Amino acid sequence: MSKRKLQLFEKAANAFFGGGRDTSSRNKALNIVGQKQFTGPFGRFIQDQSVNKGFLKPNEKFSQKTGLRIGDRQRDYQDPEYLIKASEAAQLRAARGEGLNLTPFNLKRQQTAANNPSLVAAGLEGPMKAAIAKIDPQLRNDTAIVKGALSQYRSDLGYYDLTKAQMEDMLNPKNVKKYVNTAVQYKPQLNKAVNQIASYKTDKNQPTKELVDLMTKYANLTGSNPEYHKQRALTFGHPSGIAANLDHYLKTGDQTAKMLSRDPKFLTKMQAEVGPLNIGKEKLDRGILAALRNTENKVTKEGLAQMRKLFDMSGLQSILPGQVYNKMYLGMNNPELQMQFLRNAINKGSKPFGKLTQRDVQNIMFGNKTISDYGFNKGGEVKSFGGGGIFGANLLARLSNKLSPEAMELILATGFKATKPLMSPKNIKQNRMLNFLGPDKYRYRFVKSDVPGPRTSLQRNQEKEFFNHTTFFPERRL
């Protein structure tokens, strides 16, 4: 398949999956490639993409007419017949008494959401806001208080083995008031995260254009709804993941993991994290903790260093139980670096952490693999050599199978080793000050001072030469 045809297929696939695979997006995709049905190479391409995205299983039959699984009806909200049938089906369910009592369904959603790495998971935030409104309607719109109370609620749902009645009672006024009072104690810490996220929004409380464009590209890549990702462009992420640390504590009894997932100091410690990376970080945390629990293999210093490197290049931070010290800190939070990491991954046609699994993370921790074995280099998955040094990228790719690892290392060492601009001491200091003071107080960053600094040796020599070769006469007075 030619490169031009592949690009045309990818454009059509983005239109099909990005539009929700309905009738209009199907027609748009087929018009792009100039076909009437999903047949030939394009049909096989869409079928493979459907399998990769989880819409279709390998053994299921693919409809060349709709692009869906055979038997699935394609949504068409402009087709009167489809709307009538959908309405009749809803009325029939109501007549049977189905869908009227949503309490069991909401409870199930809350249990599922308790283990979701995102604090904006459906089933949690809405009920919490409603419960807070019963105590104080004004606090319902206080993002810092809502997120602080929500973290404690999530921790309780995962920590206690609750019955249906107990789960319903978790949001009673007395318990919610306890959540709110604790959040108030840590409000300065919570406000830092609120201000950090606000600095990436416009005056209309919408994500900046850079974030909107990035989330749109990610939605097109994954075939999901762009509006969903725009709303979650920057989320409130926990450095000490609640679900991962709780799971580790319940399996091992590790008291540090319990502290990280139960202590309000850590539950209310949040940072801005780009939505797709916030979800992907959970996989890394669970893989690292699974490696620590493994009794058959031992975590190596080299393996841990590799994971630190991955966290550094992604701009994420995790706080997990350590082997030598009680807590280990991996990476440092940097939203700008997170956006660059995601951008690089999208450019390679990959999700931020590619197909890396928890088992892969364990192999890295045990020293059996390195992150370069999974294609990580400056974000995303890299499928080719970088240029630079005494050889170009194309020649390096051909030499890679013929030279020894030592020879390749010597050749690659001749390349230009530029530091990452986003990891420079200047940017590290700026991000620390932003996290500590917030964007409202830390405004004037690296502005040249009006106060003259020390003179250089060149300036001093020039001044010395001037005085040595200049004759000064007394001022003449009239």
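**Strands, faces and burial**

Analyst: Glycine 237 has its place in strand β1 (residues 234-237), where strands (E, at least two residues) and helices (H or I, at least four) are DSSP runs, numbered from the N terminus. This is a predicted model, in which local features need pLDDT of at least 70 and side-chain atom pairs count only at pLDDT 80 or more, while totals for chains, interfaces and linings use all residues. Residues are numbered from 1 along each chain as its sequence is written, and side-chain values use heavy atoms, with hydrogens and water left out.

User: Why is glycine 237 called buried?

Analyst: Buried means under 20% relative accessible area, exposed means over 50%, and partly exposed lies in between (1.4 Å probe, protein chains only). Glycine 237 has a relative accessibility of 0%, so it counts as buried. Leaving aside neighbours within four places in sequence, glycine 237 is in contact (heavy atoms within 4.5 Å) with Lys269, Met270, Gln271, Glu273 and Asn278.

User: What makes β1 and β2 a pair of strands?

Analyst: Two strands pair if DSSP finds at least two bridges between them, and β1 is joined to β2 by 4 bridges, with the two running antiparallel. Phenylalanine 236, for example, has alanine 272 in β2 as its bridge partner.

User: How do you know whether serine 155 is buried or exposed?

Analyst: The relative accessible area of serine 155 is 0%, so the label buried applies. Serine 155 lies in helix α7 (residues 143-159), and, not counting residues up to four places away in sequence, it touches Ile242, Leu246, Ser261, Arg262 and Leu267.

User: And is arginine 432 buried or exposed?

Analyst: Arginine 432, in helix α22 (residues 425-437), has a relative accessible area of 54% and is therefore exposed. From C-alpha to C-alpha, arginine 432 and asparagine 333 are 9.1 Å apart in space, although 99 residues separate them in sequence. For the chain as a whole, 39% of its 478 residues count as buried.

**Aromatic rings**

User: What makes the rings of phenylalanine 9 and phenylalanine 45 a tilted pair?

Analyst: A pair of aromatic rings is described by the distance of the centres and the angle of the planes. Rings of Phe, Tyr and Trp (its six-membered ring) pair if their centres lie within 6.5 Å, and planes under 30 degrees apart count as stacked, over 60 as edge-to-face and the rest as tilted. By this rule there are 12 aromatic pairs. Phenylalanine 9 and phenylalanine 45 have ring centres 5.8 Å apart and planes at 45 degrees, so they form a tilted pair. Because phenylalanine 9 lies in helix α1 (residues 3-18) and phenylalanine 45 in helix α3 (residues 40-52), the pair ties together parts that are 36 residues apart in sequence. Phenylalanine 9 is buried at 5% relative accessibility, and phenylalanine 45 is buried with a relative accessible area of 14%.

User: Why is the pair of phenylalanine 341 and phenylalanine 353 called tilted?

Analyst: Their centres are 5.5 Å apart and their planes stand at 45 degrees, so this pair is tilted. The pair links distant parts of the chain, with phenylalanine 341 in helix α18 (residues 335-347) and phenylalanine 353 in the loop between α18 and α19, 12 residues apart. Phenylalanine 341 is buried at 1%, and phenylalanine 353 is buried at 2%.

User: What makes α17 oblique to α19?

Analyst: The axes of helix α17 (residues 301-314) and helix α19 (residues 358-365) come within 7 Å and cross at roughly 125 degrees. Angles under 35 degrees count as roughly parallel, over 145 as roughly antiparallel, 65 to 115 as roughly perpendicular and the rest as oblique, so α17 is oblique to α19. Gly303, Leu304, Gln306 and Met307 of α17 make the contact with Val361, Ile364 and Met365 of α19.

Notes
Axes are lines fitted to C-alpha atoms, for helices over the stretch in contact, and angles run from 0 to 180 degrees between N-to-C directions.
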